Amino acid sequence: MERILKKIHRMLSFILSVNWCQTFRINFKMLPFKKAKKMPVLIFGRVKIKDLSGKITFNCPIKTGLLLLGCKYEMNTMSDKTEYLKISGEIVVNGIFACGPCYHIIVNENSKLILGHLSSLGRSGTIICTKYIELGDYARIGFNSLVSDSNYHKMIDLETNKILPMNSSIIIGSYNYIGSNVAIQTKTITPNFCTIASFSLCSKDYTNLGENILLAGYPAKLVRNNIVRDWDGEKESLMNSFDIENKFRRNKIL
């Protein structure tokens, strides 16, 4: 009896945590019916949706809970702020992606945001995509961090009198562990198996430094080689935490 009650409690907690109105809206507005009915996008909490005129492309088998927006997966998730979502361009989903509460995700027209499998954006994180941003598999970004491929305002080189490019692509490699309060700016490219310490600023190509590196500082620079997060030890727990469909299937809820 106790096990049954626990399963019922988990089911009710999950059902009540989902913003079903906005979840139905985004799925059935942006996806064909056969895909939308599986609810690959789940929205949690309050959200202000600015625009859904773009598209979401799934490069993986469709199932419930591939795109988890506003889910409480971190230790510290307390907040009363409203999330903000704008999809005028394209979001490409290569697997499960999760972002914590208070997220701001803006994908402007003619831009593309690629989300790797089991990549994530922590609480109060912001992604502003005006051209091209790619997160590799297991690219995990801590809370209060910013990823933006635009400088927002035109700058002029007074020596040449040329207007500098306002935006430039960002590519975050696979198995990147990015701490809290990190700013990822235009032209940032990181190698696979890269760790970025909290309160760092990244704004250039770091791939020439090789893999298994630690970047830190404002601006970020190499501070250590031969260091990496224990991805092999965490893969199973990450899958168990974020694979909504399999988790509830095991408990005979879905």
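Aromatic rings of Phe, Tyr and Trp (its six-membered ring) count as a pair if their centres lie within 6.5 Å; planes under 30 degrees apart make the pair stacked, over 60 edge-to-face, and the rest tilted. The structure holds seven such aromatic pairs. The model is predicted: local features need pLDDT of at least 70, side-chain atom pairs count only at pLDDT 80 or more, and totals for chains, interfaces and linings use all residues. Residues are numbered from 1 along each chain as its sequence is written, and side-chain values use heavy atoms, with hydrogens and water left out.

View 1. Helices (H or I, at least four residues) and strands (E, at least two) are DSSP runs, numbered from the N terminus. Of the 254 residues, 50% count as buried. Buried means under 20% relative accessible area, exposed means over 50%, and partly exposed is in between (1.4 Å probe, protein chains only). A contact is a pair of heavy atoms within 4.5 Å. Among contacts in the chain with a separation of 6 or more, 41% come from residues 24 or more positions apart.

**View 2. Helix 2 has a buried face.** The helix spans residues 20-30, and Q22, T23, I26, N27 and M30 are buried there. Seen down the helix axis, these buried residues fall within an arc of 125°, so they line one face of helix 2. The arc is that of the directions from the helix axis to the C-beta atoms. On the other side, C21 and K29 are exposed. The cover over the buried residues includes helix 3 (33-36), strand 1 (41-43), strand 2 (47-51), strand 3 (55-58) and strand 5 (83-87).

**View 3. Ring pairs link W20, F24, F28 and F33 into a cluster.** F24 and F28 are stacked, with 5.9 Å centre to centre and 5° between the planes. These two residues are four apart in helix 2, so about one helical turn separates them. F24 is partly exposed, at 41% relative accessibility. F28 is also partly exposed, with a relative accessible area of 35%.

**View 4. Y175 and W231 form an edge-to-face pair.** Their ring centres are 5.6 Å apart and their planes stand at 70°. Y175 lies in the loop between strand 17 (170-172) and strand 18 (177-178), and W231 lies in helix 4 (residues 231-242), so the pair ties together parts that are 56 residues apart in sequence. Y175 counts as buried at 17% relative accessibility. W231 counts as buried at 4%.

**View 5. Charged side chains sit over two rings.** A charge sits over a ring if NZ of Lys or CZ of Arg is within 6 Å of the ring centre and within 35 degrees of the ring normal. R123 lies over the face of F143, 4.8 Å from the ring centre. The charged end of K235 sits over the ring of Y138, 5.6 Å from its centre.

View 6. Two strands pair if DSSP finds at least two bridges between them. Inside the order, strand 20 (residues 194-196) pairs with strand 22 (residues 213-217) in the parallel sense, over three bridges. C194 has I213 of strand 22 as its bridge partner.

**View 7. S145 is buried in a loop.** The loop runs between strand 13 (140-141) and strand 14 (146-148). S145 has 2% relative accessibility. Its side chain reaches the backbone nitrogen of V182 at 3.0 Å. A polar contact is a pair of N or O atoms within 3.5 Å; within protein, one must be able to donate a hydrogen and the other to accept it, and residues adjacent in sequence count only if both atoms are side-chain atoms. Leaving aside neighbours within four places in sequence, S145 is in contact with S124, G125, T126, G179, S180, N181 and V182.

**View 8. K35 and T64 are set in helix 3 and in a loop.** K35 is partly exposed, with a relative accessible area of 35%. Beyond neighbours within four places in sequence, K35 is in contact with P40 and I62. The C-alpha atoms of K35 and I62 are separated by 6.7 Å, although the residues are 27 apart along the chain. T64 lies between strand 3 and strand 4 (67-69), and counts as buried at 18% relative accessibility. A polar atom of the T64 side chain lies 2.8 Å from the backbone oxygen of K38.
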